[in-house]
Amino acid sequence: KKLSNSGIEVRVVFITNGKTGVSPGNLEIKEEIVSTRMKEAKEAAKILGISELKSLDFECQKVDSKDQDLFHKVIQEIRSFKPQIVITHNTHDNHRDHRSISEVVVEACWKSKEAIHVELGDMHEVTDVWGMVVDGIFGYMSGLSKVRGYSIGATAGEAFKRLSINPAKVVF
């Protein structure tokens, strides 16, 4: 929200459709999970000022960090949108798809600036890549955001882990 409020265009790209993301107690909504998730994502996007949502529609639980098609699609997204910062999953996330996505995104950010695969768009150099630090349950997250906020003189704060290997100065 802070980024969009400061005039920065924010795009969200989902790698998977989330089809297997149903908790055991809610199996009756399994058939509706993809449309439900996208509806919720659109509602959140309005609140956060996100300019575009997109799904690459890869199958859940089968994301392979060595998948060249996935790698090329992520490069294409980067070259199309030309972001300064890319925020992805953390490399130490518990979910295997998230770890694989992180690996692909970090490498794609690096490769998007190289003079290769002109069919994927014009070269673009990403300034920095961050990994989301997701801490688990909502109460814990709320408390932790207050602790992080206190440490920076704010009501709440959010943590990111820098994944990029390029040196960078980021100013908002």
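Student: How many residues does helix α3 have, and what distance does α3 reach from its first C-alpha to its last?

Tutor: Helix α3 has 14 residues and reaches 20 Å, close to the 20 Å expected at 1.5 Å a residue. The expected span is defined as 1.5 Å times one less than the number of residues in the helix. As to the basis of these values, this is a predicted model, in which local features need pLDDT of at least 70, side-chain atom pairs count only at pLDDT 80 or more, and totals for chains, interfaces and linings use all residues. Residues are numbered from 1 along each chain as its sequence is written, and side-chain values use heavy atoms, with hydrogens and water left out.

Student: How many helices and strands does the secondary structure of the protein chain come to?

Tutor: The chain has 5 helices and 5 strands. Both kinds are DSSP runs numbered from the N terminus, helices being H or I with at least four residues and strands being E with at least two. Read from the N terminus on, the elements run α-β-α-β-α-β-α-β-α-β.

Student: At what angle do helix α3 and helix α4 pack, and how far apart are their axes?

Tutor: Helix α3 (residues 68–81) and helix α4 (residues 96–111) pack at about 55 degrees, with their axes 9 Å apart. Axes are lines fitted to C-alpha atoms, for helices over the stretch in contact, and angles run from 0 to 180 degrees between N-to-C directions.

Student: What makes α3 oblique to α4?

Tutor: Angles under 35 degrees count as roughly parallel, over 145 as roughly antiparallel, 65 to 115 as roughly perpendicular, and the rest as oblique. The angle here is about 55 degrees, and therefore α3 is oblique to α4.

Student: Is the crossing of α3 and α4 left-handed or right-handed?

Tutor: The crossing is right-handed. A crossing is given that name if the near helix is turned clockwise from the far one by less than a right angle, and is called left-handed if anticlockwise.

Student: Which residues make the contact of α3 with α4?

Tutor: On α3 they are L70, F71, V74, I75, I78 and R79, and on α4 they are V104, V105, E107, A108, C109 and K111. Contact means heavy atoms within 4.5 Å.

Student: Why does T16 count as buried?

Tutor: Buried means under 20% relative accessible area, exposed over 50%, and partly exposed in between (1.4 Å probe, protein chains only). T16 has 17% relative accessibility and therefore counts as buried. This residue is found in strand β1, and beyond its neighbours within four places in sequence it is in contact with S55, F58, E59, C60, V63 and D97.

Student: What makes H117 partly exposed?

Tutor: The relative accessible area of H117 is 29%, so this residue is partly exposed. H117 lies in the loop between α4 and β4 (128–132). T20, in the loop between β1 and α2 (33–48), is partly exposed at 39%, and H95, in the loop between β3 and α4, is partly exposed at 27%.

Student: Which residues of α3 and of α4 are buried?

Tutor: In α3 they are L70, F71, H72, V74, I75, E77, I78, R79 and F81, and what covers them includes β1 (11–16), β2 (52–58) and α4. In α4 they are D97, S100, I101, S102, V104, V105, A108 and C109, and these pack against β1, α3, β3 (85–89) and β4. Over the protein chain, buried residues make up 33% of the 172 residues.

Student: What is the value of phi in D57?

Tutor: Phi of D57 is near 65 degrees, a positive value in a residue other than glycine. Most residues other than glycine have a negative phi. D57 is found in strand β2 and touches F14, I15 and N17, residues up to four places away in sequence not being counted. H117 likewise has a positive phi, near 50 degrees.
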